[in-house]
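Please open the model in the viewer and keep the selection panel at hand.

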Amino acid sequence: MKRIILFSVSLLLVASMAWSAGRAEGSAAAPQQVVLRLAETHGPDYPTTLGNKEFARLVEERTNGRIRIEVYPSAQLGEERAVIEQVQFGAIDMTRVSISPLAAFAPQLDALQMPFLYRDKDHMWKVLRGEIGAEIMETLEGSGFVGLAWYDSGSRSFYTRRPVRTIADLRGMRIRVQESELMVGLVQGLGAVATPMPFGEVYSALQTGVIDGAENNWPSYYATSHFEVAPYFTLNHHTRVPEIIVASKIVMDRLSPADQEIIRQAAWDSMDYQISQWEAFEQEAEAAVRANGNTIIEIADNTPWQQAMQPLYARLSPANQRVVERIRAVR
Ligand code: GTR
């Protein structure tokens with residue numbers, strides 16, 4: 001812990017030195033150069049990373065290179081939860097993460113990641129692009145984050161080392177989840193043993209049998225090679241968990257309102273691009289996994305899965321329950 005704090009404090013120092021250097025340069029006639037680091041857990045060609053790069057390109061173009069966003073893929077700056085902490089206190093400027101681990105810092109996000117919440121993808125996008133999405137993004141400022149864009153992440157299902165055809169098959173299995181209380185509850189509600197673990201550790205945990213399975217979407221199942229060590233994919237589609245780009249509020253507050261606006265708009269404008277990249281890669285990943293000969297288990301009737309997850313709704317805070325009702329009413 002001490003080491004993490006020391007490391008984080010030194011990062012903060014380096015970041016603020018870089019910041020003052022930028023300011024010093026900028027205080028002469030030349031416009032102030034700003035370089036912002038964006039942390040991404042996926043590899044350089046993954047759809048979220050491509051979205052981040054499009055965001056960076058738009059910012060650079062719209063400021064004639066005065067503001068540069070450097071994208072650090074492949075968890076170079078750390079695993080999601082640690083990155084989120086550093087964004088919160090300004091040592092890392094921005095990140096693209098799943099809302100699951102971010103909900104530990106901003107529990108209002110749980111309302112957007114409840115199991116079997118959205119009727120389909122269009123429903124989710126109506127919510128995220130509409131009033132509810134905007135309201136929730138705004139509230140993130142109270143936790144030290146500025147929400148910039150929502151990205152697509154398809155739907156999540158279970159993959160395992162042994163076949164799972166019914167809920168009963170999951171009983172007692174050790175299932176890796178993101179570092180999210182809601183996801184722990186979801187997996188426990190199915191009778192499995194929830195094992196929260198950073199994304200980067202899942203492959204070897206599956207390989208060595210430390211865990212029996214995990215859950216994710218087609219692109220992550222494929223891009224991480226988890227499909228090689230957990231050959232059964234049970235398509236129960238329990239959640240749609242949006243991805244988000246957040247900036248550190250501390251960092252954004254140092255920028256002029258005009259620059260903040262350019263950044264917000266560019267991130268928002270990268271969404272359509274990310275979604276199209278997502279759709280293409282989702283198909284590619286599914287085709288590749290099927291061609292590899294993995295066993296894909298379709299669930300004909302999702303009702304028992306939905307019923308098993310009802311207690312999670314009852315445990316939600318009253319404020320989140322009200323948001324869930326509003327989400328359901330969105331047509
Ligand atoms: C992926 C998501 C990542 C990470 C990962 C995980 O779908 O894109 O940001 O949260 O899941 O399960 O840790």
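Select proline 163 first: apart from residues up to four places away in sequence, proline 163 touches Asp169, Tyr232 and Ile297, contact meaning heavy atoms within 4.5 Å. The model is predicted, so local features need pLDDT of at least 70 and side-chain atom pairs count only at pLDDT 80 or more, while totals for chains, interfaces and linings use all residues. Residues are numbered from 1 along each chain as its sequence is written, and side-chain values use heavy atoms, with hydrogens and water left out.

Proline 163 sits in the loop that links β5 (156–160) to α7 (167–170); helices (H or I, at least four residues) and strands (E, at least two) are DSSP runs numbered from the N terminus. Its relative accessible area of 32% makes proline 163 partly exposed, that is, between buried (under 20%) and exposed (over 50%), with a 1.4 Å probe and protein chains only.

Next, display the open sheet of five strands, ordered β2-β1-β3-β10-β4 with mixed pairing; two strands pair if DSSP finds at least two bridges between them. At its edges are β2 (67–72) and β4 (145–151), each pairing on one side only. Zoom in on β1 (residues 34–40), which runs parallel to β2 and is joined to β2 by six bridges. Here arginine 37 stands opposite glutamate 70 of β2.

Finally, select helix α3 (residues 80–88), which lies across β1, β3 (94–98), β4 and β10 (243–248).

Technical notes: Axes fitted to C-alpha atoms, helices over the stretch in contact; angles between N-to-C directions.
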